[in-house]
Amino acid sequence: MSAHRSTSWLFPVALTAALLAVGGTVFFLMTGGDDAKPAAALPEPDTTVPAAPLVVSTPAGRITTAADDESGNTVGVSCFLASNVGPRENFTIKPDRTGRHDFSPTWKAEGYFCDVFEVGGSQLEIVNPVSDREQTALRASEYADDDIASLFSICADVNPAEDYLKPGYAMTTEQVSELTGALVLCPDQPLSTKWRQLIQREDRPATAGGAVGDGPHQVGRLVKAGTYTTVDQEGCYWERQSSSGKALESKFVAPGAKATITVRSSDAFFLSAGCGEWKRAA
């Protein structure tokens with residue numbers, strides 16, 4: 001075959017292609033009248049309704065929020081999977097309109113040893129808190145720097161064999177604070193019941209005058225049943241807990257709003273994070 005191919009065949013082909021692009025009428029004229037077939041009908045649009053997102057039930061069943069206009073960081077995490085010893089899998093953790101992040105993709109996939117690799121679409125390993133809930137989680141964790149990437153890793157990870165979950169493990173005060181920060185960020189995490197059991201070991205007393213500060217408080221010891229309020233807080237998360245680590249009720253209150261909790265005599269613990277000083281109502 002000659003190296004130089006004739007291009008005389010390109011013209012009729014190109015002309016036909018161009019006329020076909022114009023529409024069915026031109027096609028009818030080109031093919032000779034009555035015997036022409038009509039142009040093919042356009043395909044029907046896809047009206048399939050996307051499947052509903054996975055809904056993960058919460059231990060409390062009544063976890064609510066008083067803030068409805070928060071946003072938060074969109075964070076990419078990379079995890080090993082319990083069912084796969086191969087490479088890591090990436091997940092995107094997004095906040096909803098209340099500032100609650102949806103970690104359910106990693107929980108459903110059984111993500112282990114998760115690490116942050118992306119924040120807001122950029123390759124970053126540091127997560128600076130931007131929403132009220134994230135800021136409260138940072139204060140509860142008592143981290144020295146302005147980075148809550150570790151809390152995202154803890155929330156994404158559902159490995160039940162972590163050292164701190166083993167029987168007899170002695171939690172430090174710093175670890176208790178870190179788990180409290182994780183509870184603020186992901187209170188319905190599959191391991192959260194065990195987290196609460198660990199946190200309850202560090203009972204923090206009430207302050208002088210009967211005021212109650214942040215931390216876990218055993219009900220009936222220094223914190224009595226009754227109604228407590230706090231004002232001028234910067235973002236407040238609280239829980240009523242059973243002795244087994246179940247969240248009986250929990251709530252996040254936006255900064256500046258008055259927070260109120262009624263502690264019941266049947267409650268085992270009351271957990272406060274970022275709420276400041278609670279005072280018993282008269």
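# A pocket, an open sheet and the elements around them

The residues that line the second largest pocket divide into 7 nonpolar, 2 polar and 3 charged. Here Ala, Val, Leu, Ile, Met, Phe, Trp, Tyr, Cys and Pro count as nonpolar, Asp, Glu, Lys and Arg as charged, and the others, Gly among them, as polar. The structure is a predicted model, in which local features need pLDDT of at least 70 and side-chain atom pairs count only at pLDDT 80 or more, while totals for chains, interfaces and linings use all residues. Residues are numbered from 1 along each chain as its sequence is written, and side-chain values use heavy atoms, with hydrogens and water left out.

The protein chain has 7 helices and 12 strands. These elements are DSSP runs numbered from the N terminus: helices are H or I with at least four residues, and strands are E with at least two. Of the 282 residues in the chain, 41% count as buried. Buried means under 20% relative accessible area, exposed means over 50%, and partly exposed lies in between (1.4 Å probe, protein chains only). Among contacts between residues at least 6 apart in sequence, 68% join residues at least 24 apart; a contact means heavy atoms within 4.5 Å.

A pocket is an open set of points on a 1 Å grid over the protein atoms alone, where a 1.4 Å probe fits, with protein on both sides within 12 Å along at least five of seven lines; its lining residues have an atom within 4 Å of a point. The lining consists of Phe113, Cys114, Ser153, Ile154, Asp157, Glu162, Tyr164, Met171, Gln175, Glu178, Leu179 and Leu191. Strand β5 and helices α5 and α6 (173-185) are the elements that give two or more residues to this lining. The most come from α6, with 3 residues.

Strand β5 also belongs to a sheet. This open sheet has 4 strands in the order β4-β3-β2-β5, with antiparallel pairing; two strands pair if DSSP finds at least two bridges between them. The edges are taken by β4 (101-102) and β5 (111-119), each with a single partner strand, so one side of each has no neighbour in the sheet. Inside the order, β2 (residues 75-81) and β3 (residues 84-95) run antiparallel and are joined by 6 bridges. One of the residues involved is Val77, whose bridge partner in β3 is Phe91. Helix α5 (residues 149-156) lies across β2, β3, β4 and β5, running at about 140° to β5. Axes are lines fitted to C-alpha atoms, for helices over the stretch in contact, and angles run from 0 to 180 degrees between N-to-C directions.

The C-alpha atoms of Pro105 and Phe91 are separated by 6.9 Å, and the two residues are 14 apart along the chain.

The loop between α3 (104-109) and β5 contains Glu110. Glu110 is not a glycine, yet its phi is positive, at about 60°. With 40% relative accessibility, Glu110 counts as partly exposed.

Seven residues of α4 are named as buried: Arg133, Glu134, Thr136, Ala137, Leu138, Ala140 and Ser141. The helix is thus mostly covered, with 7 of its 10 residues buried. Glu142 is placed in the loop between α4 (132-141) and α5. Its phi is about 60°, and at 54% relative accessibility Glu142 counts as exposed.

Beyond α6, Cys186 lies in the loop between α6 and α7 (192-199). Cys186 is buried, at 1% relative accessible area. Not counting residues up to four places away in sequence, Cys186 touches Phe103, Trp107, Cys155 and Trp195. The C-alpha atoms of Cys186 and Phe103 are separated by 7.8 Å, although the residues are 83 apart along the chain.

Further along, β8 (residues 236-241) and β9 (residues 247-253) run antiparallel and are joined by 6 bridges. Arg240 has Glu249 as its bridge partner in β9. This hairpin has 5 residues between the strands, and Gly245 takes a positive phi near 95° in it.
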